[in-house]
Amino acid sequence: MKASEPLQWTARARREFNPAIGFALFALACLMIVGWVRLTSPAPAQTVITPTAKRVLDFIDQPDGSINVMDHDSGAVIERFSGEQGFLRGTLRALVRERKVHGLDLRQPQPFELIAHDGNRLTLRDPATGSTIALESFGPTNTAVFAQIGRAHV
């Protein structure tokens, strides 16, 4: 063999590893493991939260800036909130905004439902739109605003 002749390999003694094949094998192994886990794991238990009490309420803005909370069925004033009441007003604004989105007539007062659940949880629901707000998710101080309505009358 001369120095000017190119080297020719007649056979490869060793194959190089192709990274694409390694990635494909890894992905296939992952899919098989996930499939096996999903097929052999028991289904998660569905928890059903049942209401323990429900009160249908009207929230009426007064000319002096206060809010009267009235029992929808009897028309009796349950509570009167004066002052800023940021959480109460903000919660009601969110539900009224949903009514606007749904195109409901805001001049006609429609009631809200204050629903008590097991574990001292409260939900404010708008039957007109189906919107609900889990009040306990805003912390105990904010939930107490609605809980004082519920404790005395639900």
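This is a predicted model: local features need pLDDT of at least 70, side-chain atom pairs count only at pLDDT 80 or more; totals for chains, interfaces and linings use all residues.
Okay, to start: where does H102 lie? H102 sits in the loop between α2 and β4. I'll come back to that histidine in a minute.

Before that, a word on confidence. The mean pLDDT of the protein chain comes out at 81, with 83% of the residues at 70 or more. Helix α1, residues 19-40, has the highest confidence, with a mean of 92. At the other end is helix α3, residues 140-153, where confidence is lowest, at a mean of 75.

Now the sheet. There are six strands, and reading across, the order is β3-β2-β1-β4-β5-β6, an open sheet with antiparallel pairing. β3 and β6 are the edge strands; each has a single partner, so one side of each has no neighbour in the sheet. From one strand to the next, the twist averages 25°.

Let's go through a couple of the pairings. β1 and β2 run antiparallel and are joined by five bridges. In that pair, F59 stands opposite V69 of β2. Then β2 pairs with β3, again antiparallel, over four bridges. There, M70 has V77 in β3 as its bridge partner. The hairpin of β2 and β3 has five residues between the strands, and G75 takes a positive phi near 80°.

What lies across the sheet strands? That's α2, which lies across β1, β2, β3, β4, β5 and β6. α2 runs at about 120° to β4.

On to the core. The largest nonpolar core has 21 residues, and the ones touching the most other members are F59, L88, L114, L124, L135, F146 and I149. As for who contributes, β1, β2, β3, α2, β4, β5 and α3 each give two or more residues to this core.

H117 is in strand β4. Is H117 buried or exposed? H117 counts as buried, because its relative accessibility is 14% and the cut-off is under 20%. Its side chain makes a polar contact of 2.9 Å with the side chain of T123.

And back to H102, in the α2 to β4 loop. H102 counts as partly exposed, because its relative accessibility is 44%. The H102 side chain reaches the backbone oxygen of E98 at 2.8 Å. Also, have a look at A128: A128 is 26 residues from H102 along the chain, and their C-alpha atoms are separated by 9.1 Å.

That's my tour, thanks.

Notes:
Residues are numbered from 1 along each chain as its sequence is written. Side-chain values use heavy atoms; hydrogens and water are left out. pLDDT is the predictor's confidence in each residue, from 0 to 100. A nonpolar core is a set of buried Ala, Val, Leu, Ile, Met, Phe, Trp, Tyr and Cys residues joined through side-chain atoms within 4.5 Å. Buried means under 20% relative accessible area, exposed over 50%, partly exposed in between (1.4 Å probe, protein chains only). Two strands pair if DSSP finds at least two bridges between them. A polar contact is a pair of N or O atoms within 3.5 Å; within protein, one must be able to donate a hydrogen and the other to accept it, and residues adjacent in sequence count only if both atoms are side-chain atoms. Axes are lines fitted to C-alpha atoms, for helices over the stretch in contact, and angles run from 0 to 180 degrees between N-to-C directions. Contact means heavy atoms within 4.5 Å.
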